[in-house]
Every structure is written in C-alpha cells, then in structure tokens.
Amino acid sequence: MPVLCEYLINIEVAMSDKQKEILEYKNNMDVNISYKTSPQKFPPHWHNSAEFVLALKDDCHYRINDVEYVLNTDNILLIWPRELHEVVMTPPEASLILQFPSYLADNNHDLILYQAYMRKYHLITATNLPDITAAFNQHMNQIKNLFLSDDIFAETKMKIYILEMLLMITDYAAKEIIPNREISAPSESARGRINEACIYITNNMDQNITQPEVAKYVGLSQFYFSRLFKDCMQVSFREYLSLQRTSLAIQLLSNNTLSISEVAYQAGFQSISSFNKVFREKVGTSAKEYRLLYQHANFMKESEK
C-alpha cells in the first residue's frame, strides 16, 4: 500500500450524473496529495474541488472540456472546480496530484474578482510561464513533503502554499489578460466597488438580498452596477449569487443535524423549489443525493480505520 493516499479514494455514482465524483479528504485535512499512484487512464468526470497535476514524465495526455493537453516533465495542468476532465493516457507513476476545495479561493474576495480570468489558464509550462512554472513545481513538492510530515501545522502551511499559487496565476491574469481585452478594463475604483459588492454578498447572502440593494450599497445605479459587475466577474449578479449560495449549501450539507430545508434557507434560498432547481443545475445532483454520497464516503472512511 503506498504511503501517500490515492487521489481517487471513494468514487460514488449519483443517479442524475454518472460523471460526478465525490472526493474524500484523508488525514482530517482539506488537502489531498497523490504521488505516483494515480491511474494511467480514467474516464471523464468532475468534482467540486480544484486539481493541480504536476507531470513527472513526458507524454501525459489529459482532456478538459473536450480540449486535449499533452504534458511533459515539469508541466502543470490546472483543473478548476466542476470542470469535466479525463486522464486519456499517461505513463506509470507519472504525476504528482494536488486537490483542494473550492472555498480556498472563494473565501478571498480579491481572488473572486478575477476568478473568471484565472480559470482560463490550464496548461502551465516553462515556455509560456517560466517563473510561475518553477514556483508551482517548488510549491507542489513542498506541499507533498508537508503532507507526509508529522508537522502539527501541516494543513495550514499547505493552504498557504496553495493560496500563493492561486495568487500568482490570478495576478498574472489581472496584469496580462485584462489590459489586452477588446474593451477597456474597468478602472481601479470600479473594481473596488465590485469587490465591495462581493464582500457584501458573502456577508449577507443568507438574506433576501437583491441587485438594487447591493448597487445602492456600493453607490452605483442599478443599470451601471449590472453592467460593471458582469464586466468584472464575467457572470451576472444573479448567477454569481446563485454560485455563492450553492457553495455555502455544499458546506452546510456536511452538517447532518440540519435538514435540507434548513440548509436551503441558511444558504439564502427563499424557497425549497428554487433551491432544488439551482442546486441540481450547479452541482449536477440533488442536495439529498449529494448528502447521501457524502455520508457514504465518511462511512467508508470510518470502516477503513
């Protein structure tokens, strides 16, 4: 049995979506590491976690959203939460894989502001991003070492490295992509207003907040706010609010003392029907099915002890 846990520990199939994968995080940490133990082929699937793949050998073939990527040694593949991806074919023992929950990025409002641009990056190489590639290689190996260590603060240190990597790619996106768009980039002041709006949404999304309310809070007209929000976030206000509430609901579903209705209302949904519709649309399964899969994964974890 390898020392490091397999990155695919328990895979359960939801009736509504056979490509859905529920990941179990081992060692009581919100970080998974697989080192030279991942399968050489794996069919299309998706999950709510981010996954960074560091190639240890040449000729590693992956696919994300129907686009195939060929990784050679030291190349890195960034797979973002809920992206459909596949291990097409790799040599044996060819990867170091890092997985972490989406909330690590979602809980940082400045990262959220540029998340849509960050997610456009998938293949990181010494040719297109030499400094970032070198730093990511170093950070992922440091995370692997921490995962194996007895350091009592290993989880926090690993998350710091993950945040540093997210910051690197987001900072690059902000500097390189936004100025080169066909339309002019929002001003620093405008981005600051949208950042304020995102913070307000996070702090109040359990309430029945509306776009006019948030626009008023940041001192903008509803029309201008709507246009500016979509320009900065690459999604509409309504879509962003739904995504944030769904992310909160996913966290709340791990608390078995809360009913599905209580989860819905604590996440800010105003009716069970709207919650069920949005949750299935964003996650690919019902909240009840998701909770059952989560409970089963934990049951399997306890059974292995």
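Helices (H or I, at least four residues) and strands (E, at least two) are taken here as DSSP runs, numbered from the N terminus. On that basis the chain has 12 helices and 9 strands. What you're looking at is a predicted model, so local features need pLDDT of at least 70 and side-chain atom pairs count only at pLDDT 80 or more, while totals for chains, interfaces and linings use all residues. Residues are numbered from 1 along each chain as its sequence is written, and side-chain values use heavy atoms, with hydrogens and water left out.

Let's start with the overall picture. Of the chain's 305 residues, 50% count as buried, where buried means under 20% relative accessible area, exposed means over 50%, and partly exposed is in between (1.4 Å probe, protein chains only). As for contacts (heavy atoms within 4.5 Å), take those between residues at least 6 apart in sequence: 73% of them join residues at least 24 apart.

Now for the inside. In soluble globular proteins, nonpolar side chains tend to be buried together. A nonpolar core is a set of buried Ala, Val, Leu, Ile, Met, Phe, Trp, Tyr and Cys residues joined through side-chain atoms within 4.5 Å. The largest one here has 34 residues, and the members touching the most others are F52, L78, L98, I162, L166 and I169. At least two core residues come from each of β3 (49-55), β6 (76-79), β8 (95-101), α1 (103-106), α3 (115-118), α4 (130-148) and α5 (154-176). Helix α5 gives the most, with 7 residues.

H139 lies in α4 and counts as buried, because its relative accessibility is 8%. Setting aside residues within four places in sequence, H139 is in contact with Y161, E164, M165 and M168. L148, also in helix α4, is partly exposed, with a relative accessible area of 43%. L148 and I33 are 115 residues apart in sequence, yet their C-alpha atoms are 9.3 Å apart in space.

On a 1 Å grid over the protein atoms alone, a cavity is a set of points where a 1.4 Å probe fits but cannot get out, and a pocket is an open set with protein on both sides within 12 Å along at least five of seven lines; lining residues have an atom within 4 Å of a point. Grid points are joined across faces, edges and corners, and a volume is the space filled by probe spheres set on the points. There are 2 cavities of 30 Å³ or more, and the largest cavity holds about 90 Å³. Its lining has 13 residues, of which W80, P81, S102, A105 and Q115 are the closest to the centre. The elements giving two or more residues to that lining are β8, α1 and α3. The lining divides into 8 nonpolar, 2 polar and 3 charged residues, with Ala, Val, Leu, Ile, Met, Phe, Trp, Tyr, Cys and Pro counted as nonpolar, Asp, Glu, Lys and Arg as charged, and the others, Gly among them, as polar.

The second largest pocket has a volume of about 420 Å³. It is lined by 18 residues, and R238, S242, R245, F269 and V278 are the closest to its centre. Both α9 and α11 (272-283) supply at least two lining residues, with α9 giving the largest share, 6 residues. By class, the lining has 5 nonpolar, 7 polar and 6 charged residues.

T246 counts as buried because its relative accessibility is 4%. A polar atom of the T246 side chain lies 2.7 Å from the backbone oxygen of S242. Not counting residues up to four places away in sequence, T246 touches F269, V278, F279, K282 and V283.

Most residues other than glycine have a negative phi. K36, in the loop between β1 (32-35) and β2 (42-45), has a positive phi near 65 degrees. D74, in the loop between β5 (67-71) and β6, has a positive phi near 75 degrees. K36 is partly exposed at 36% relative accessibility, and D74 is partly exposed at 40%.

Note on methods. A polar contact is a pair of N or O atoms within 3.5 Å; within protein, one must be able to donate a hydrogen and the other to accept it, and residues adjacent in sequence count only if both atoms are side-chain atoms.
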